[in-house]
Amino acid sequence: MKIALLGYGRMGQTIEKIAISRGHDVVLKIDKGDNDYDITLADVAIDFSLPTAAYGNITNCINNGVPVVSGTTGWLENYDDAVNLCKEKNGAFIYASNFSLGVNIFFELNRTLAKMMSNIKEYNVTMEEIHHTKKLDAPSGTAITLAEGVIENNNNYNAWELDKTDNNTTIPIVAKRIEDVPGTHSVNYASDVDTINIEHIAHNRQGFALGAVVAAEWLADKTGVFSMKDVLNIG
């Protein structure tokens with residue numbers, strides 16, 4: 001399979017190594033500022049670019065009939081437009097805030113716990129995420145997905161907010177930036193008598209990169225808008 005890498009930072013470079021090890025060819029490596037390239041050289045594209053570049057990368061792929069997998073966060077105000085374009089063009093598109101197998105299992109665990117806690121008013125939800133200092137957006141896309149998973153499955157909450165909040169129907173998310181931390185996410189239910197905590201700790205970027213390549217392999221011969229739940233057949 002011929003792969004285009006849209007974004008060639010640390011994640012893009014890790015994806016390249018894994019893709020090659022799985023027998024694929026990386027035919028395009030597009031870094032920031034590179035606009036003169038032919039996306040149709042690729043069978044599928046993997047986008048881990050900047051938030052300001054992601055929507056343009058995704059629409060370029062869809063308009064040219066190239067399936068695209070995106071893990072870039074911080075651009076989701078345009079997500080519905082990308083979905084509508086994909087449907088209009090009969091394209092293929094997967095967006096995930098996190099491609100790790102473990103994180104996607106954690107998403108399902110989070111939704112299940114939220115349902116279980118929905119009728120128990122004594123617990124308050126808080127979240128924390130920790131990433132490396134080069135991560136541009138806060139909170140992380142993974143943390144937002146976790147918060148949305150609680151909101152969708154627990155009738156005690158209707159919004160999330162970065163840092164502290166005085167509104168007991170809003171989930172506070174604390175975002176920390178520490179050098180060389182690949183990603184840690186925790187969801188806490190605290191009451192006066194005890195605390196329930198679930199946590200995912202990434203040890204390196206390999207899991208994210210492998211998941212992105214697996215998603216690209218899965219998407220290459222399909223049309224439609226999908227998620228990692230489709231790729232992994234979970235939930």
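**Entry 1. The largest pocket**

I sorted the lining of the largest pocket by class and found 13 nonpolar, 16 polar and eight charged residues. In this count Ala, Val, Leu, Ile, Met, Phe, Trp, Tyr, Cys and Pro are nonpolar, Asp, Glu, Lys and Arg are charged, and the others, Gly among them, are polar. The model is predicted, so I note that local features need pLDDT of at least 70 and side-chain atom pairs pLDDT 80 or more, while totals for chains, interfaces and linings use all residues. Residues are numbered from 1 along each chain as its sequence is written, and side-chain values use heavy atoms, with hydrogens and water left out.

I looked up the volume of the largest pocket, which is about 1000 Å³. Of its 37 lining residues, Met11, Phe48, Ser49, Leu50 and Thr72 are the closest to the centre. A pocket is an open set of points on a 1 Å grid over the protein atoms alone, where a 1.4 Å probe fits and protein lies on both sides within 12 Å along at least five of seven lines; lining residues have an atom within 4 Å of a point. Grid points are joined across faces, edges and corners, and the volume is the space filled by probe spheres set on the points.

Which helix supplies the largest share of this lining? Helix 2 does, with three residues. Helices (H or I, at least four residues) and strands (E, at least two) are DSSP runs numbered from the N terminus.

**Entry 2. The second largest pocket**

I read a volume of about 450 Å³ for the second largest pocket. Its lining has 22 residues, and Tyr95, Ser97, Arg111, Thr145 and Glu148 lie nearest the centre. Helix 5 (141-153) gives the most to this lining, with six residues. By class I recorded nine nonpolar, seven polar and six charged residues.

**Entry 3. Salt bridges**

I searched the whole structure and found eight salt bridges, each a side-chain nitrogen of Lys or Arg within 4 Å of a carboxyl oxygen of Asp or Glu.

I then followed Arg111, which forms a salt bridge with Glu108 (2.3 Å, N to O). The two are three residues apart in helix 4, so about one helical turn separates them. Are these residues buried or exposed? Arg111 counts as buried at 19% relative accessibility, and Glu108 counts as buried at 18%. Buried means under 20% relative accessible area, exposed over 50%, and partly exposed in between (1.4 Å probe, protein chains only).

Glu108 also forms a salt bridge with Lys229, with the closest N and O atoms 3.5 Å apart. Lys229 lies in helix 7 and Glu108 in helix 4, so this pair ties together parts that are 121 residues apart in sequence. Shared partners join Glu108, Arg111 and Lys229 into one network. I noted that Lys229 is partly exposed, at 31%.

**Entry 4. Strand 6**

I traced strand 6 (residues 124-131) to strand 9 (residues 183-190), which runs antiparallel to strand 6 and is joined by seven bridges; two strands pair if DSSP finds at least two bridges between them. Glu129 stands opposite His185 in strand 9. Strand 8 (residues 170-177) pairs with strand 6 in the parallel sense over five bridges, and there Glu128 has Val174 as its bridge partner.

**Entry 5. Backbone angles**

Most residues other than glycine have a negative phi, and most peptide bonds are trans. I found a cis peptide bond from Ala138 to Pro139, with omega near -5 degrees. Asn90 has a positive phi, near 55 degrees, and is exposed at 56% relative accessible area.
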